[in-house]
Amino acid sequence: MSKKQPVSRRQFLNYTLTGVGGFMAAGMLMPMVRFAVDPVLKGEAAGDFHPTQQKVSELTDTPVRVDFSYEQTDAWYTSEVTHTAWVYKNNKGDIVALSPVCKHLGCTVSWEGNDHKDKFFCPCHNGLYEKNGKNVPGTPPLKPLDVYPTAEKDGLLQLGKPEANNV
């Protein structure tokens, strides 16, 4: 027959405190682990396109201003965000969508503003961009305008997240 060893008071306290301490440590570490792992588990939204009201069939070689809105969620706050793009078809028939945000100080550029023919003009410091978004040398902007990836769905233009323009 095996004889049971009684648990001493010291062993009982040791087991109890170890269990309670482990439970409390797990309670503190779980939110930290969740915070670190959560971005990996979420789907990436970089490939998402936002619909516009612009019909692709109506686009020409003259840039038109296209406004589009989408819902954005930051943590627990959801808001409606509105963006703008200058959109046209180039000589190959490809759709080009440029961000209107000047790369100098973030002002909004306009097409053929201040009588600058076939150029985007930034009124803040007289910045100029070519039609393809390339910055004109000798003017304040040091980089070309960002470009939006484009897609077409049901005859309407869709725009993605702006990317650096490599012209």
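Visitor: Which residue in β3 stands opposite Arg-65?

Guide: Trp-86 does. This is a predicted model, where local features need pLDDT of at least 70 and side-chain atom pairs count only at pLDDT 80 or more, while totals for chains, interfaces and linings use all residues. Residues are numbered from 1 along each chain as its sequence is written, and side-chain values use heavy atoms, with hydrogens and water left out.

Visitor: How many bridges pair β2 with β3?

Guide: First, the terms. Strands (E, at least two residues) and helices (H or I, at least four) are DSSP runs, numbered from the N terminus. Two strands pair if DSSP finds at least two bridges between them. Here, β2 covers residues 64–74 and β3 covers residues 77–89. Eleven bridges link them, in the antiparallel sense. Two residues sit between the strands of this hairpin. Look at Ala-75 there: its phi is positive, near 55°.

Visitor: What about β1, and which strand does it pair with?

Guide: It pairs with β10, antiparallel, over three bridges. Pro-51 has Gln-158 in β10 as its bridge partner. Strand β1 (residues 50–55) also has two faces. His-50, Thr-52 and Gln-54 form the covered face. Pro-51, Gln-53 and Lys-55 form the uncovered one.

Visitor: How do I read a salt bridge, and how many does the structure hold?

Guide: Look for a side-chain nitrogen of Lys or Arg within 4 Å of a carboxyl oxygen of Asp or Glu. This structure holds three. Arg-65 is back in one of them: its side chain meets that of Asp-67 at 3.3 Å, N to O.

Visitor: Which residue meets Lys-103 in a salt bridge?

Guide: Asp-146, at 3.2 Å, N to O. This pair links distant parts of the chain, 43 residues apart. Lys-103 is in the loop between β4 and β5 (110–111), and Asp-146 is in the loop between β7 and β8. Asp-146 counts as buried because its relative accessibility is 19%. Lys-103 is partly exposed at 32%.

Visitor: Which residue forms a salt bridge with Lys-119?

Guide: Glu-130, with the closest N and O atoms 3.6 Å apart. Lys-119 lies in the loop between β5 and β6 (120–122), and Glu-130 in the loop between β7 and β8, so the pair ties together parts that are eleven residues apart in sequence. Lys-119 is partly exposed, with a relative accessible area of 22%. Glu-130 is partly exposed too, at 30%.

Visitor: What does the side chain of Thr-139 reach?

Guide: Think of a polar contact: a pair of N or O atoms within 3.5 Å; within protein, one must be able to donate a hydrogen and the other to accept it, and residues adjacent in sequence count only if both atoms are side-chain atoms. The Thr-139 side chain reaches the backbone oxygen of Val-136 at 2.6 Å. Thr-139 sits in the loop between β7 (127–129) and β8 (147–148). It is buried, at 17% relative accessibility. Leaving out residues up to four places away in sequence, Thr-139 touches (heavy atoms within 4.5 Å) Asn-126, Gly-127 and Leu-128.

Visitor: What is the phi of Asn-126?

Guide: About 60°, a positive value, although Asn-126 is not a glycine. Asn-126 lies in the loop between β6 and β7. It is partly exposed, at 47% relative accessibility. Asp-154 is another residue other than glycine with positive phi, near 55°. Its place is the loop between β9 (150–153) and β10 (156–159). Asp-154 is exposed, with a relative accessible area of 73%.

Note on methods
Buried means under 20% relative accessible area, exposed over 50%, partly exposed in between (1.4 Å probe, protein chains only).
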